[in-house]
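Here is a short briefing on one protein chain. Look through the structure first, then follow the points below.

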Amino acid sequence: MGITFNQVQAGAYALILAEEDGKRRVPIIIGTPEAQSIAIFLENLRPPRPLTHDLFISLLQLLNITIKEANIYKYEEGVFHAELTFNDGMKDFFLDSRTSDAIALAIRANASIYMANDIMKDVAVEWEEEDISEDIEQPTQKQAVSLDNLSPERLQKLLNEAVAAENYEKASYIRDLINEKNKRRQ
C-alpha cells in the first residue's frame, strides 16, 4: 500500500501492506535504507547507479533465476520473518530474509507477497471509516468524549488504522489521547 514515517520510533518507517480485495492492513516497521529503496522503486525513480536490491535482481537475471514469491511466515516478539522462493528453471529453493528486503526484492521482480493467515489474524487492523469521523483534527465535545471512553487497546487499533491511512492529524490526536490515559493510570 505504501510507506509512512513512523511517529513512534525515530529513524524508522512503517511499510503498510494491504490485503488484496480486503480491508485489513499490516504495518511493518522498517529501517531508512529499506524504506528508501522501496519508495524509490514505487515512485518509478531510477538512481544513476543501482541500489543493492536492484543489483541483486540484476544478478538473478544474469543467472536465469526468478523470484516466485515472498512469504511472511512468522511473527515473533514484534519481528516479522520472511522467506523468498526462487526458481532456477528446474526447481524451487528458499532463502530466509528480512521482511523489508524480501518485499523490496519481490516488488522489483513483480512477485507475489504472502502473509500467513494466523499472522493476519493477530496483527492486521481493519480499516473501519465509521470508527472516527473525518474531522477529528477539530473534534467536537461529543467525539472527544466518545473516544475518551474507548479502551487503550481500541485506541491503539484506531491509531494504527489512522497511520495506515496516512491520516497524521487523526493519529496525532489519538496518540495524545493514549498518552493522556497512560498518565492518568500512573
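Six salt bridges turn up in a search of the whole structure. The model is a predicted one.

**Salt bridges**

- Glu34 and Arg98 form a salt bridge through their side chains, with 2.4 Å from N to O.
- This pair links distant parts of the chain: Glu34 sits in helix 1 and Arg98 in strand 6 (residues 92–98), 64 residues apart.
- Are the two partners buried or exposed? Glu34 has a relative accessible area of 10%, so it is buried, because buried means under 20%. Arg98 is partly exposed, at 49%.
- Glu34 and Arg98 also belong to a network of salt bridges that includes Asp101.
- Asp54 and Arg108 make another salt bridge between side chains, at 2.6 Å from N to O.
- Asp54 lies in helix 2 and Arg108 in helix 3 (residues 99–109), so this pair ties together parts that are 54 residues apart in sequence.
- Arg108 is buried, with a relative accessible area of 12%.
- Lys74 and Glu76 form a salt bridge too, and their closest N and O atoms are 3.9 Å apart.
- Lys74 is partly exposed, with a relative accessible area of 32%. Glu76 is partly exposed as well, at 41%.

**Helix 1 and its buried side**

- Helix 1 covers residues 32–42. Which of its residues are buried? They include Glu34, Ala35, Ser37, Ile38 and Phe41.
- Why do these residues lie on the same side of helix 1? They cover an arc of only 160° around the axis, which puts them on the same side.
- An α-helix has 3.6 residues a turn, so residues three or four places apart point the same way.
- Just after helix 1 comes Asn44, which takes a positive phi of about 55°.

- Where is His53? It is in helix 2, which runs over residues 52–62.
- His53 has 10% relative accessibility, so it counts as buried.
- The side chain of His53 makes a polar contact of 2.8 Å with the side chain of Asp101.
- Asp101 is also part of the salt-bridge network with Glu34 and Arg98.
- Which residues does His53 touch, leaving aside its neighbours within four places in sequence? They are Ser37, Asp101, Ala104, Leu105 and Arg108.
- Ser37 is one of the buried residues of helix 1, and Arg108 is the salt-bridge partner of Asp54.

**A nonpolar surface patch**

- Leu59, Leu62 and Leu63 make a nonpolar surface patch of about 330 Å².
- Leu62 lies in helix 2. Is Leu62 buried or exposed? It counts as exposed, because its relative accessibility is 71% and exposed means over 50%.

**The chain as a whole**

- The chain has seven helices and eight strands.
- It has 186 residues, and buried residues make up 35% of them.
- Take the contacts between residues at least 6 apart in sequence. Of these, 51% join residues at least 24 apart.
- The chain exposes about 11500 Å², and carbon and sulfur atoms supply 50% of that area.

How values were computed. Residues are numbered from 1 along each chain as its sequence is written. This is a predicted model: local features need pLDDT of at least 70, side-chain atom pairs count only at pLDDT 80 or more; totals for chains, interfaces and linings use all residues. Side-chain values use heavy atoms; hydrogens and water are left out. Helices (H or I, at least four residues) and strands (E, at least two) are DSSP runs, numbered from the N terminus. Buried means under 20% relative accessible area, exposed over 50%, partly exposed in between (1.4 Å probe, protein chains only). A polar contact is a pair of N or O atoms within 3.5 Å; within protein, one must be able to donate a hydrogen and the other to accept it, and residues adjacent in sequence count only if both atoms are side-chain atoms. Contact means heavy atoms within 4.5 Å. The arc is that of the directions from the helix axis to the C-beta atoms. A salt bridge is a side-chain nitrogen of Lys or Arg within 4 Å of a carboxyl oxygen of Asp or Glu. Patches are made of residues with over 30% relative accessible area and no salt bridge: like charges are joined within 9 Å, nonpolar side chains (Val, Leu, Ile, Met, Phe, Trp, Tyr) within 5 Å. Accessible areas come from the Shrake-Rupley method with a 1.4 Å probe; for residues, only the protein chains shown count as cover.
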